[in-house]
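Hi,

Here is the structure I promised to pass on to you.

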Amino acid sequence: MRFQILGPVRVWQGTSDVELGPPKQRALLALLLAHAGQPMPLHAIVDALWHVDPPATAVNVVHRHVASLRRLLEPGLRSGTASTRLVRASGGYGLIVSADELDLLRFRTLREDAHHSGQQGDRVKAVKLLVEALDLWRGPAASGIPPEVRALPAFTAIDDEHVVAVKDAAGYVPTAGTALTERILVTLRQAASHHPLDEALQARLIEVLAAAGRQAEALETYQIVRARIADEIGLEPGPELREAQRGALEQSHRRPMPPATSTAEPDSFATAAVDRVRPAQLPRDLSAFTGRGAELGRLNSLVPGPGEPPQTVVLSGMAGVGKTTLAVHWANRLAPRFPDGQVYVDLRGFHLSGAAMSAAEALRALLDAFGVPLAEIPAELHAQAATYRRLLAGRRVLVVLDNALDSEQVRPLLPAPHGCLAVITSRHQLQGLMAVEGAHSVTLSPLDESEARQLLAHRLGEARVEREEHAVAEIISLCERLPLALAIVSARAALNPGYPLSAIADELRVSHGSLDAFSGEPPLADARCVFSWSYQALTPEAARLFRLLALHPGPDCSVAAAASLTATRPRQVRTHLTELVRAHLLFENEPGRFSSHSLLRAYAAELIDELDTSDVAAAATTRVLDHYLHSAHAAETVLAPHRERITLRRHAVHTLPERFPNQRAAADWFDRERPVLLAAVEQAVRRGDGTFGWQLASVLELYLDRNGRWQQQRTVQSTAVTAAQRGGDLLGQAHGHRALGFALSRLEQWEGAGEHLERALHLFEELGDTHGQARVHRYGAFVANQHGLHGDALEHYRLAQELYRSAGHINGEASVHNEVGWTYLLMGEYDKAIDECSRSLGIHQKTGDPNGEAAAWDSLGVTHHRLGHYERALGSFRHALELYRRFRDFYLEADTLVHIADTHLALGQADSAGRTLRQALNILEAIGHPAAEGVRATLLKID
């Protein structure tokens, strides 16, 4: 058994996640893990879990949670047998775990070993041990438990240990070597973003940036930190920060600055981006919005005027109290006062699938909203946040961050420039934002009596409410004036206009459904009885669909996926989806795509446990996962029909994978379903379905690579490797290592790329998979060419040719001929390049592979360009362009347009080159590809 507390609290039995139960039980486990080896007195546990005013039953609740944890952690423990894991001691409880089982103990052991190695003079070993220790962290300690418990010193002290370890590792940078320095820098940036006022930590960041040759970034970081300290504390930087700045300045004078990654100054690109796009992303205001006059008055007083400091407003309260509804209504009223844009992000902080949006993903969405190309978005969270704040400088922008999980998720997303406003909704109070960022808190309570009556009258009609005033008053009382409960009751009544309101009041009373559970977190049972009335009014088919949708992996669901989930024809399932939308149990966010409130998903999940067998749930989950796997495989086959691909497991009966008439349809499907597909990989791995996990990751590789989503590629392929390793699946490991190695090479993480590609090659050799070996050699050649090792690249290609030849894969051989030709082109051996590319062209034309044919034409065009045969080059490029446009490969179309523009420039045709480059730039910006940066730089030179 393995335990994790350095991040979300998790437990694994073998390779399976252990479900840890309700929040207080999870918090109890976290407390015991934080005090591993040291029993906690019972009174200390009670104080920690309830903080103030524990109920009279608190001790009994603790005993029940202990009993539940024992059953989870020792499933074979017999009744009456003493536990050897969760033991009674010193008037309380203690958890017995070893350093091999608990990441916190392992972290501390590694730190101690690093300290010992440093004292012995072995600094290289010391830094390696510290990096290994820091790699154990997955976020703030015990994240995910109730915030009032998470704020206890036991957990903040663990976070402090992390910061100290980061500082220690930074101190070893002069002897760390390039690869370790880069790994330390990533962790250091993350820590610095979470602790913006820790001067010692910020000083270490500046020193490491300077030591890594990034003096410009080091000096910029100092200025950002200095301004923050002045704004928030009113002080000048201390001696550590000033000394770090002096060191960076001295290094910048000793050696030249590294070349910039962008030809545009940050402020210039930010201004250009905002001038280009003024997003208007606010959801539609609710036509039935009523009440909240006092809250709106308070909120209106917090709006900053032009040039005034930015404001952050947190709308918090229990689930169902109307936080999002009020935030959206207020934001729509304010929109004219923020002419430079209004952006909206659902952070999915309480999504039942656990797929909360990371801060990096949210920043990407915000930068995307302003049209910032992928190439201008840094890889690290700290730099992304800085880019975001620079972009908003001098602008008036309204930012709505819905469903936030905690302060750490939100802090990098706050706009710093004057005149901006951030509106955040969360079930938690986000006290960290109030303490550190000066956020204003508006806590929503249930509606008052008049507002609740107004809500019902607005939805049901004043006449109907007047006819049954007594029943209306009773409904309001039994629903405790909670907007979500009132909305669901009114939906039931609206769908049944002849149904007397007194009957609804009777049902509330008889079911003992006074909604007491709405009074606090967690809100799993908040609307159970009210939801049941809407649920019981459904047809059996719609009710079944409602339950099964809780098993869907992603944030929203298509009609086709719902059909596979329920083993129903799309036309039938569309009818059931419409019924759920009318009953307010589902929302149609855009035509054909449906989502649900997290409370409703939780209720549906409860119903599955109650009404459906585990076999039924497992079969539905398998069908929907198979739907996405086989649909993605079909889409990838349309995008690249001659590419070698994996053989999928057979999909479950009644699964209906989607089919695609052309490459545009396939690419559009990937764009729409990408968040769901990535979530499906994670869900399958949590479920223990490693085969699905690595197969879907493998199918996604080409799409993610072509669209420049290399960070997501790294994440999904890492998950695939882990899943395959847990299941002992050598083929899955081979494909995962291969794809992960190539993703790391795209990110220029060469050491890791080489290790994964080497591991993949060994596995494919062990399996006797010639296609897999050939693809790894081609990736190895790509890496070699990137380092100018063209001889090594040619050797890789020779081996790939032999492997394809032995397997009879003619198109594979032809593709390698083209890549060999490209290598000769890089070497300046143009005659050999033309020979190889021409051979590739002939084979692809003979076998009918337009993708390969287009690639060969493009390579021939570049070679003729290098030889000065510009007209022949343009002819070759036009052939390639025609083919790419025919099968709608947008990235390669843009790549060929860039080559055509280069030839126009060589001919002195600057106007033609500019027009062609703008076509390429439009394509690359539309798909968010990093190559857009180079095109933009060339255009700037021409203009």
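S1 and strand S2 (residues 10-13) pair in the antiparallel sense over 3 bridges, where two strands pair if DSSP finds at least two bridges between them. Helices (H or I, at least four residues) and strands (E, at least two) are DSSP runs, numbered from the N terminus. This is a predicted model, in which local features need pLDDT of at least 70 and side-chain atom pairs count only at pLDDT 80 or more, while totals for chains, interfaces and linings use all residues. Residues are numbered from 1 along each chain as its sequence is written, and side-chain values use heavy atoms, with hydrogens and water left out.

Back to the strands: they belong to an open sheet of 3 strands in the order S1-S2-S3, with antiparallel pairing. Its edge strands are S1 (2-4) and S3 (16-17), each of which pairs on one side only. Arg2 has Trp12, in S2, as its bridge partner. The side chains of these two residues meet as well: the charged end of Arg2 sits over the ring of Trp12, 4.5 Å from its centre. For that label, NZ of Lys or CZ of Arg must be within 6 Å of the ring centre and within 35 degrees of the ring normal. Elsewhere, Arg396 lies over the face of Phe338, at 4.7 Å from the ring centre.

Next, the aromatic pairs. Rings of Phe, Tyr and Trp (its six-membered ring) pair if their centres lie within 6.5 Å; planes under 30 degrees apart count as stacked, over 60 as edge-to-face and the rest as tilted. By this rule the count comes to 6 aromatic pairs. One of them is Phe107 with Trp137, edge-to-face at 5.6 Å centre to centre and 80° between the planes. This pair links distant parts of the chain, 30 residues apart: Phe107 is in helix H4 (residues 103-119), and Trp137 is in the loop between helix H5 (123-134) and helix H6 (147-150). Both Phe107 and Trp137 are buried, that is, under 20% relative accessible area, with exposed meaning over 50% and partly exposed in between (1.4 Å probe, protein chains only).

Phe742 and Phe782 also form an edge-to-face pair, at 5.2 Å centre to centre and 70° between the planes. Here helix H33 (residues 730-746) holds Phe742 and helix H35 (residues 770-786) holds Phe782, 40 residues apart. Phe742 counts as buried because its relative accessibility is 9%, whereas Phe782, at 23%, counts as partly exposed. There is also one aromatic cluster formed by Phe660, Trp669, Phe670 and Tyr703.

In H4, the buried residues include Leu104, Phe107 and Leu110, and the buried residues pack against S1, helix H1 (23-34), H5 and helix H7 (153-171), with contact meaning heavy atoms within 4.5 Å. Just after H4, Gly121 takes a positive phi of about 95°.

What is buried in H34? The residues are Gly752, Ala753, His756, Leu757, Ala760, Leu761, Leu763 and Phe764. Seen down the axis of H34, they fall within an arc of 170°, so they line one face of the helix; the arc is that of the directions from the helix axis to the C-beta atoms. These buried residues of H34 pack against H33 and H35. Just after H34, Gly768 takes a positive phi of about 70°.
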